[in-house]
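Look at the strands first, then read the points below.

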Amino acid sequence: MLTPRCLAFFTALALGLGLAAGCSSTAAPVTDTLQPMNDVAERYVKLVLAVGQHDRDYVDAFYGPPEWKREADAAKRPLPEIASEASGLIARLEALPEPADGMLRLRKDYLTRQLQALTARVAMLGGKRFSFDEESRALYDAAAPINTEEHFREVRDELDRALPGKGGRASLVERYEVFRKDYTIPKEKVDAVFRAAIGECRDRTARHISLPAGESFTVEYVTGKTWSGYNWYQGKFKSLIQVNTDLPITIDRAIDLACHEGYPGHHVYNMLLEKSLVRDRGWVEYSVYPLFSPQSLIAEGSANFGIEMAFPGAERVAYEKATLYPLAGLDPSRAEEFARVRQIVERLAYAGNEAARRYLNREIDAAAAARWLADYALYPRDRAEQRVRFIDQYRSYVINYNLGKDLVRKYVESQGGTPDHPEKRWEVFEELLSSPRLPSQLTTRPQAG
């Protein structure tokens, strides 16, 4: 809940004012485009909340004025009305003069593209069907490359040579699952391992990014979900992180989830947006996060790339071997072996996109999609079936993890943030997380100042 002082902050936005962090009363100058964009931003937030009345997954986070949420709950606006207003707001933004300030140009582009994605999602809720690539472009401002079966077979052949048990009757996916069992964290030790990983990820992130005072998150363990982990951002620099324990959790997932959901992933991303854009600039549009939007590619891509940021090179295996393996009661002498196999399997990440593309394009059914995931992504049957349920629920969202990671890495390195320059790498990464940049702008850098 927001304090009365913060409610005054959001009220001031409607008057075209931008207030500093902590909901102070320092006004930003009003320009030819600032007040119209502030007005569009408020109406955009309310439209996102209105779509959320039709789509329970749509509003991933909201920490704006609570009365806006109550209004949306009470109104339950029809989809055609929402689409009409969104189109009007897009036209209004397009009619605005190009701002002289680089950050305002990024803001204008962001609001326009987010509204376009909203209209696409509304059309989908109304029954319109897109192809996989049409949908991903409309919602996430990007389309994943197409990979052939031959590409995945070559990676499978390499994995076949790396896994023990070659020449037996077991299939490759069965051998991989037998191999993974030796690296599974016992259920009673999951919490201790995960909390140790979180602490290390936080320490490594805090060396490079100034984290807001009082930031924190709560960890919960849940079942019955289609995902393995989820960050529910609460506002005021607080998150709820849920970890799904339906399926066994291997030792590598501790760092993956701690970085991705926490530091420097979703928790840090949302905090930087709240601090830099909502509080410091008064950009109310970032008080809501529509899941099916271009923002998600930046969010998921930076969260996955954040693992490499926190643990570059051999540092991850060294930490896992020294700390996490002993905590889990696993044999640390096999850490390097698991890391080598994991690196091969990571090259099969785009196989999940191909399964989703074929499935959502109605070229294959759910059973065939699960088989594809088993054959080319090395998912055992239960995980493959869970992943198909994820695709049913989130559709082309799957591109945000792998394509997003690749685009974020390329962007950071194109701006000088190469592995040989770690401080610059963190500087560019933090700048990306604190700005309203779109996926399509990760390959072209509009000036922000």
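Six bridges connect β3 with strand β4 (residues 238-244), and the two run antiparallel. Two strands count as paired if DSSP finds at least two bridges between them. Helices (H or I, at least four residues) and strands (E, at least two) are DSSP runs, numbered from the N terminus. This is a predicted model, in which local features need pLDDT of at least 70, side-chain atom pairs count only at pLDDT 80 or more, and totals for chains, interfaces and linings use all residues. Residues are numbered from 1 along each chain as its sequence is written, and side-chain values use heavy atoms, with hydrogens and water left out.

**The β3-β4 hairpin**
- Trp-232 has Leu-240 of β4 as its bridge partner.
- Gly-235 is bridged to Lys-238 in β4.
- Two residues lie between the strands of this hairpin, where Lys-236 takes a positive phi near 55 degrees.

**The sheet**
- The open sheet has three strands in the order β2-β4-β3, with mixed pairing.
- β2 (216-222) and β3 (229-235) are the edge strands, each pairing on one side only.

**Surroundings of the sheet**
- Helix α11 (residues 266-279) packs on the sheet and touches β2, β3 and β4, where contact means heavy atoms within 4.5 Å.
- Five of the seven residues of β3 are buried, so this strand is largely enclosed by the rest of the structure; buried means under 20% relative accessible area, exposed over 50%, and partly exposed in between (1.4 Å probe, protein chains only).

Terms used. Axes are lines fitted to C-alpha atoms, for helices over the stretch in contact, and angles run from 0 to 180 degrees between N-to-C directions.
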